[in-house]
Amino acid sequence: MDFLVLFVFYLAFLVITVVMVCICSKTHRLKSLVQGLGAQLCSCVIPERLQRAVGASLRYLFHTRNCVFTMLHLLLQGLVYAEYAWEIFGYCRELDFPLHYLLLPYLLLAVNLVFFSFTCVTDPGTITKANEPFCLQVYEFDEMMFPKNVKCSTCDLRKPARSKHCSVCNRCVHRFDHHCVWVNNCIGAWNTRYFVLYLVTLTASAAAVAVVSTAFLVQLVAVSDLYQETYVDDFGHLQAVDTVFLIQYLFLTFPRIVFLLGFVLVLSLLLGGYLCFVLYLAATNQTTNEWYRGDWAWCQHCPLVAQRPSAKPPGYQNIHSRGLWSNLGEIFLPALPCHEKKKK
């Protein structure tokens, strides 16, 4: 029971943390309040030298291009599939699982690594002197979030609509979405399609490993008739095996498999939630940058924050959405300048 309680608390803490981060990121006053309180608390508890060291490490990890998170991504993926190949695959073969069923996670891994590589190395849409005129004509200026005749003070280039200067990569990116530390690259007009497919296959591969692991444990319980067994509890009473006892027994017998299952289940939920958000942005022709800066446009229909009829309409309106299929076509068949097409 202790293991289950700790796991439930861990999962609840993870979900609450993600929700709070989303709320704080969209509420500027709350965000500044949390940052101020956090800074004051850290200054009282953490020594100044340690604060400087942590600050320098965070600046290096999140504000400079580096391969730390990319290597961590590949390491975690390698550890998951190493455990899958070492134990789960062999046990499942002994239980006569279909071979194609067991090879599906490997197929998804191979496809995922292809799209992962494309996302890492593909130019996201770097704006240069050569393609600046082309990028300026692709999207309409809304004169609110993206006004005309604005120059990037760093690149000394006119800023096309939906573009943004990435401080990490030190370049202006066409249809900038966000900078992804896991692929060590910006996500922009020319590699969003690879990022979406990378995210789809990554979620599918995690879910496939979770399904196979769960099927193995369920089949093991069914073959060994564990549900028909009994055990002696702490008071010396004979008890029938229940679900809680069964999970603890499996964890003690196959700790690595059960831990792997818990990890990929949580990972599948997180990736699935983020994938739904990315697909929503793609279907409505928004970027993460535009959604973040949209002045609560994401919740204007929520009853808790809905505006009164007499209130002013929201300041930002999405003028780029042209319907589902046109929006998806823009993602997967982006407009390219002539010299980029020749390179292809």
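**Surface patch, helix packing and salt bridges**

Q: Which residues form a nonpolar patch on the surface, and with how much accessible area together?
A: Patches take residues with over 30% relative accessible area and no salt bridge, joining nonpolar side chains (Val, Leu, Ile, Met, Phe, Trp, Tyr) within 5 Å and like charges within 9 Å. This is a predicted model, where local features need pLDDT of at least 70, side-chain atom pairs count only at pLDDT 80 or more, and totals for chains, interfaces and linings use all residues. Residues are numbered from 1 along each chain as its sequence is written, and side-chain values use heavy atoms, leaving out hydrogens and water. Here the patch is made of L72, L75, L76, L79, W182, F259 and F263, with a joint accessible area (Shrake-Rupley, 1.4 Å probe, only the protein chains shown counting as cover for residues) of about 660 Å².

Q: Which element gives the most to the nonpolar patch?
A: Helices (H or I, at least four residues) and strands (E, at least two) are DSSP runs numbered from the N terminus. Both α4 (68-94) and α9 (255-283) supply at least two residues of the patch, while W182 sits in the loop between β3 (178-180) and β4 (185-187). With four residues, the top contributor is α4.

Q: How are α5 and α7 oriented to each other?
A: Helix α5 (residues 99-121) packs with helix α7 (residues 192-224) with axes 8 Å apart, at an angle of about 160°; axes are lines fitted to C-alpha atoms over the stretch in contact, and angles run from 0 to 180 degrees between N-to-C directions. Angles under 35 degrees count as roughly parallel, 65 to 115 as roughly perpendicular, over 145 as roughly antiparallel and the rest as oblique. The pair α5 and α7 is therefore roughly antiparallel.

Q: What is R256 linked to by a salt bridge?
A: A salt bridge puts a side-chain nitrogen of Lys or Arg within 4 Å of a carboxyl oxygen of Asp or Glu. R256 meets its partner at 3.7 Å, N to O. The pair links helix α9 with helix α4, 173 residues apart, and the partner is E83.
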